[in-house]
Amino acid sequence: MNRSLRTFAFAGLLAAGMAAHAIDPLPFKDLAEEHRYQALARELRCLVCQNQNLADSDAGLARDLRQEVFDLMRQGKSDEEIKTFLTARYGDFVLYRPPVQANTWVLWFGPLVVLVLGAVVVVRIVRSRAAPATAIATAPPPEDA
Amino acid sequence: MNWRMLFPLGVFLVLAAVLASGLGKDPRKVPSPLIGKPAPQFDLPALKVPERRVTSLAYAGKPYLVNVWGSWCVACREEHETLMNLSRSGLLPIVGLNWKDARDDALRWLELFGDPYNDIAVDADGRMAIDFGVYGAPESFLIDGTGTIRHKFIGPITPKLVEDELKPRLAAMTRGKP
């Protein structure tokens, strides 16, 4: 019992480690640099397995791009510059958070518009149902009461 | 009252139209932002004679095709026959970019299936491919005489693509320059 519990816990630990992020043996100089790198890798899309970010993907290209991101960081490039470097080559698709521009307005504001439209419809339905109810409530009492 | 009953149908039709328009699209084909931009310069070791360099400078001035391939790439095998025919036609030089490949494998591949390339540059660590915005093999770039990328073929080049996409563009390029 004890033994199987321990095995189970160990397996759990292993799984937790795997789920965290792609671990690259990169020579980070401090924790801040590693955090910045991980944050960037999570913001960038892997173009091979398109629904994964660079941090999660184990594709060869994702590994190359992570290395590129690291090298650019080391060259003193800002996050913005690194993203510009990648969008110049791969397009906006590489960004998990697409920029707000004319062709992404529907993407950014569409849900809000649908929400507002839905709210308007709900309010109208509620009002139209409430109207007869109030009419009944305020109806004069019967004559012979 | 009548329009209210038609409203859900209208919403459905709009939604269906939007979704239907997406059906024919291939999500793997991401448009390249590099089209119309200067092609990245390269200066890489040649596959067959590693001491030799393959440079973009050597191809400047006339249109050429850069084809990204690897011996590990199944779809490259698929387009290989088309590349061989293109090479035989002498329409334009084809520069191979051997992407993340083992040299022996690449050489064996050429030996087995034939070599359609005027030159093959080796991109062992994938750096060059990143500059070209490559995210899969095969990919090919049509570069004009001024060194501008004019078209990107994502996936295997087929005889149909040669006729429909490559030849008209090539003809327009040579027509533009006497």
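1. A helix here is a DSSP run of at least four residues, numbered from the N terminus. With that in hand, one spot worth a look is A:Gly76, which follows H3(A) and has a positive phi, near 85°. Please keep in mind as you read that this is a predicted model.

2. On to the place where the two chains meet. Chain A brings 14 residues to the contact and chain B brings 13. On the chain A side, helix H3 (60-74) and helix H4 (79-90) each supply at least two residues. H3(A) gives the most to that side, with 5 residues.

3. Which residues of H3(A) are buried? They are A:Leu61, A:Ala62, A:Leu65, A:Arg66, A:Glu68, A:Val69 and A:Phe70. These buried residues pack against helix H2 (31-43) and H4 of chain A, and also against helix H4 (127-131) of chain B.

4. Over in chain B, have a look at the peptide bond between B:Ala137 and B:Pro138: it is cis, with omega about -5°. B:Pro138 sits in the loop between H4 and strand E6 (139-143) of chain B.

5. Finally, B:Lys100 has a positive phi, near 45°, although the residue is not a glycine. B:Lys100 belongs to the loop between strand E4 (94-99) and helix H3 (103-113) of chain B. B:Lys100 counts as partly exposed because 19 other C-beta atoms lie within 10 Å, whereas a buried residue would need 20 or more.

Technical notes:
Residues numbered from 1 in each chain as written. Chains lettered and ligands numbered in written order. Predicted model: local features only at pLDDT ≥ 70, side-chain atom pairs only at ≥ 80, totals over all residues. Contact = placed C-beta atoms within 7 Å. Buried ≥ 20, exposed ≤ 12 C-beta atoms within 10 Å, placed from the backbone.
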